[in-house]
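Please look at the aromatic side chains and the surface of the structure shown here.

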Amino acid sequence: MGYAQLVIGPAGSGKSTYCSSLHQHCETTRRTIHIVNLDPAAENFDYPVAMDIRELISLDDVMEELGLGTNGGLMYCMEHLQENLDEWLTEELDNYLDDDYLVFDCPDRTLFTCSCAEELCETPKA
């Protein structure tokens with residue numbers, strides 16, 4: 001993987017809207033980007049999702065199986081991502097070329113930075 005962008009911010013700040021607009025712009029200019037969903041609660045996208053955390057873990061499953069509420073379920077999902085980030089992300093990144101551009105659509109800034117932002121920044125270097 002050659003290039004990546006982390007899109008972070010508080011809930012409702014427009015992270016997914018930004019990713020959608022970026023995808024539309026790149027489509028118009030005939031450039032290719034791949035958008036990665038790292039929000040286990042996201043369900044609807046205005047852009048194609050190249051990689052999805054929900055293939056690793058989903059908020060609905062966690063809430064149902066562990067009896068957690070939304071916040072507890074999201075924290076569990078982020079901890080699970082952190083524990084499995086190297087293996088899951090490395091395996092997924094093997095599908096991309098050195099000059100591909102990936103955009104990571106991250107969950108709420110507070111939740112994300114409290115868990116695995118640093119590991120995510122280091123993983124693609126491997």
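## Basis

This is a predicted model, in which local features need pLDDT of at least 70 and side-chain atom pairs count only at pLDDT 80 or more, while totals for chains, interfaces and linings use all residues. Residues are numbered from 1 along each chain as its sequence is written, and side-chain values use heavy atoms, with hydrogens and water left out.

## Aromatic pairs

Rings of Phe, Tyr and Trp (its six-membered ring) pair if their centres lie within 6.5 Å, and planes under 30 degrees apart count as stacked, over 60 as edge-to-face and the rest as tilted. By this rule there are two aromatic pairs. The ring centres of Y3 and Y101 lie 6.5 Å apart with planes at 25 degrees, so this pair is stacked. It links distant parts of the chain, since Y3 belongs to strand β1 (residues 3-7) and Y101 to strand β4 (residues 101-105), 98 residues apart; strands are DSSP runs of E with at least two residues, and helices are runs of H or I with at least four, numbered from the N terminus.

Buried means under 20% relative accessible area, exposed over 50% and partly exposed in between, with a 1.4 Å probe and protein chains only. Y3 is exposed at 51%, and Y101 is partly exposed at 26%. The rings of F45 and Y47 have centres 5.5 Å apart and planes at 55 degrees, so that pair is tilted. F45 is partly exposed at 22%, whereas Y47 is buried at 6%.
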